[in-house]
Amino acid sequence: MSSAKSITIVGGGLAGLALGIGLRQRGIPATVWEAGRYPRHRVCGEFISGRGQAVLERLGLLDLCRQAGAIEARTVLFVAGNARSPVRALTVPALCVSRHTLDATLAASFRGLGGELRTESRWTASPEPDGVVHASGRRPAQAGQPSRWFGVKAHVPAGCRVPLEADLEMHLSADGYVGMNRLGGGEVNVCGLFRSREGGQRPDSRQDWLRGAPDSLLRERLKEAVFEPESFCSVAGLQLSPRRAAAQPQCCIGDALTMTPPATGNGMSMAFESAEMALAPLADFSEGRLDWPAARREIARRCDAAFGPRLAWARALQWMLMSPVSRSGLGRWLLRSDRVWQILFARTRG
């Protein structure tokens, strides 16, 4: 294996670290470049739902998630104004885990396997050599595109009362949505996606964005909450339009490839899934069985086949949640329809 080509991974989030761990498990040299450091808070729903848990098990990472304090979420509730869904049981329980702990746990595992992790370092090589995979998180807005979407997240500490009715709650408004879930240490993660509109009213602070409108159930849930100041984080310029991997000039996985609307609750799963899809082609490249263009094409083919239909359904769901439909009589019916719930839940998870 000493002659194996090294793989460079740009970005040390979930997708990049999972890929690095998988490569090192196969004895393949790997270096991860991460602009930040660990531990750190990230804007994230902080739960894994869908196929991601099976991927974690195949990668040998499920126990690491549990070591990082993962707990199960079994129920979900959607709220839109005065309308609400029943509290529904998830077909398969989700895993709730703090990114502050999980990222650091995965980074330590990668290093323990002999991977090279360069924190507080940016990849700047140009022209880019073969064997570089981009897993660098969110896709920023391009020149000429409106930067409408931004995310905000904070934790409510253990012992601070947040009366959730379901393990996962999603609260919709005209300008965004806020999701809440409990974490293993007794904290509650509060994470929102919002859009800015010209002429629209803006809350005075990030706390006010997360707390919701004065007369909302979200505001009632959080009336006794005090957010942990160090847990606040935000990200702007989010692009939710889906992208095809085959059309990209670089090899991309995770959010560097495409971001699914957070309302689907499938972003963390897709990060792990895309890392697994890249493993075999990268191993073939490293060991001389594929050239780099062929390896890139195979990774793109796998990602597009797995995520294309899922992203189309996710985009439709995002439109429905953010349109006046969600707060109309039709919206109330849709929220209460078990059939609609089953279809959307299944389709947004592949």
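Okay, let's start with a hairpin: strands β4 and β5 make one, with two residues between them, and in the turn G81 has a positive phi of about 60 degrees. One thing to keep in mind from here on is that this is a predicted model.

If you want a pair to click on, look for V79, which sits opposite R84 of β5.

Which way does β6 run against it, parallel or antiparallel? Antiparallel: β4, residues 71-80, and β6, residues 88-96, share five bridges.

Next stop, another sheet. This one is open, has five strands in the order β7-β2-β1-β8-β14, and its pairing is parallel. Why do β7 and β14 have one side left without a neighbour? Well, β7 (116-119) and β14 (251-252) stand at the edges and each has a single partner strand, so one side of each has no neighbour in the sheet. For β14, two bridges link it in parallel to β8, residues 132-134. In that pairing V133 is opposite C251 of β14.

And what lies across this sheet? Helix α1 lies across β1 (7-10), β2 (30-34) and β8, and it runs at about 165 degrees to β1.

Who makes the contact? On the α1 side it's L14, A15, A18, L19, G22 and L23, and on the α7 side the residues include M268, F272, A275, L279 and L282. By class, that contact counts 12 nonpolar residues, two polar ones and no charged ones. The crossing itself is right-handed. Here's a bit of helix background to go with those residue numbers: an α-helix has 3.6 residues a turn, so residues three or four places apart point the same way.

One more helix, α8, residues 292-322. Where does α8 kink? At F307, by about 40 degrees, shortly before the proline P309. Go back to the start of α8 and you'll find a side-chain oxygen of D291 within 2.9 Å of the backbone nitrogen of A294.

Most residues other than glycine have a negative phi, and most peptide bonds are trans. Against that background, have a look at E46: it isn't a glycine, and its phi is positive, near 60 degrees. E46 is in the loop between β2 and β3. That loop, between β2 and β3 (47-48), also holds P39. The bond joining Y38 and P39 is a cis peptide bond, with omega about -10 degrees. There's also a cis peptide bond from S126 to P127, with omega near 0 degrees. You'll find P127 in the loop between β7 and β8.

That's my tour, thanks!

Terms used: Residues are numbered from 1 along each chain as its sequence is written. This is a predicted model: local features need pLDDT of at least 70, side-chain atom pairs count only at pLDDT 80 or more; totals for chains, interfaces and linings use all residues. Side-chain values use heavy atoms; hydrogens and water are left out. A crossing is left-handed if the near helix is turned anticlockwise from the far one by less than a right angle, and right-handed if clockwise. Helices (H or I, at least four residues) and strands (E, at least two) are DSSP runs, numbered from the N terminus. Contact means heavy atoms within 4.5 Å. Ala, Val, Leu, Ile, Met, Phe, Trp, Tyr, Cys and Pro count as nonpolar, Asp, Glu, Lys and Arg as charged, and the others, Gly among them, as polar. Two strands pair if DSSP finds at least two bridges between them. The bend at a residue is the angle between axes fitted to the seven residues ending there and the seven starting there. A polar contact is a pair of N or O atoms within 3.5 Å; within protein, one must be able to donate a hydrogen and the other to accept it, and residues adjacent in sequence count only if both atoms are side-chain atoms. Axes are lines fitted to C-alpha atoms, for helices over the stretch in contact, and angles run from 0 to 180 degrees between N-to-C directions.
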